[in-house]
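Subject: Structure for you to look at

Hi,

Here is the structure I promised to pass on. Have a look at it first, and my notes follow below.

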Amino acid sequence: MIETAFQIANALVLPQWLLMIVAPRWRVTQWLVRSYLIPVSLACLYAYFIFSGGPLNFNDFSTFEGVKSLFSKGGDGAVLAGWIHYLAFDLVAGSFVLKDSQEKNIPHGWIVLPLFFCFMLGPIGLLAYWVIRTMKTRQAN
């Protein structure tokens, strides 16, 4: 079950990432980016795995040791939930990068690398986009 859910979660995000990179203005790509369909689908999967391990102790989120214990006590389901969390929010970040770059008329070639980094390294992609956006628009906001 865990491995199957892992494969499903990974398979859900890949088409949108590919479309955002190779067909950013295609209506299907634009619809996916605006609808948040895939991140919302991942959120459902996330909710299942985050709550199937029993009740959460929200105090665990307040310390590093507490966060470590969430993963160690939660086992494979907790680790999978963490992975799904990354997949969902990295995709939201990538969607933001694509929409914002189009609104700011930043040529798509400039954001392919930030999109790739959003896919692989989340915050690094957002940082790379912010640097490019700042250079291209001459604005830091």
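I started with the cysteines. Searching the whole structure, which is a predicted model, turned up zero disulfides. As a reminder, a disulfide is a covalent bond between the sulfur atoms of two cysteines. As for where the cysteines sit, C44 is exposed, at 54% relative accessible area, while C118 is buried, with a relative accessibility of 0%.

Next, the core. The largest nonpolar core has 27 residues, and the members that touch the most others are V13, W17, M20, L42 and I111. At least two residues come from each of α1 (2-22), α2, α3 (37-51), α4, α5 (112-121) and α6 (123-137). The top contributor is α4, which gives nine residues.

How do α2 and α4 pack? Helix α2 (residues 27-35) packs against helix α4 (residues 64-103) at an angle of about 115°, and their axes are 9 Å apart. The crossing of α2 past α4 is left-handed. On the α2 side the contact is made by T29, Q30 and V33, and these meet S95, L98, K99 and Q102 of α4. Sorted by class, that contact comes to two nonpolar, four polar and one charged residues.

That's what I have for now.

Cheers

Methods:
Residues numbered from 1 in each chain as written. Predicted model: local features only at pLDDT ≥ 70, side-chain atom pairs only at ≥ 80, totals over all residues. Heavy atoms only, no water. Disulfide = S-S within 2.5 Å. Buried < 20%, exposed > 50% of the residue type's maximum accessible area, 1.4 Å probe, protein only. Axes fitted to C-alpha atoms, helices over the stretch in contact; angles between N-to-C directions. Helix = DSSP H or I, 4+ residues; strand = E, 2+ residues; numbered from the N terminus. Left-handed = near helix turned anticlockwise from the far one by under 90°. Contact = heavy atoms within 4.5 Å. Nonpolar A, V, L, I, M, F, W, Y, C, P; charged D, E, K, R; others polar. Core = buried A, V, L, I, M, F, W, Y, C linked by side-chain atoms within 4.5 Å.
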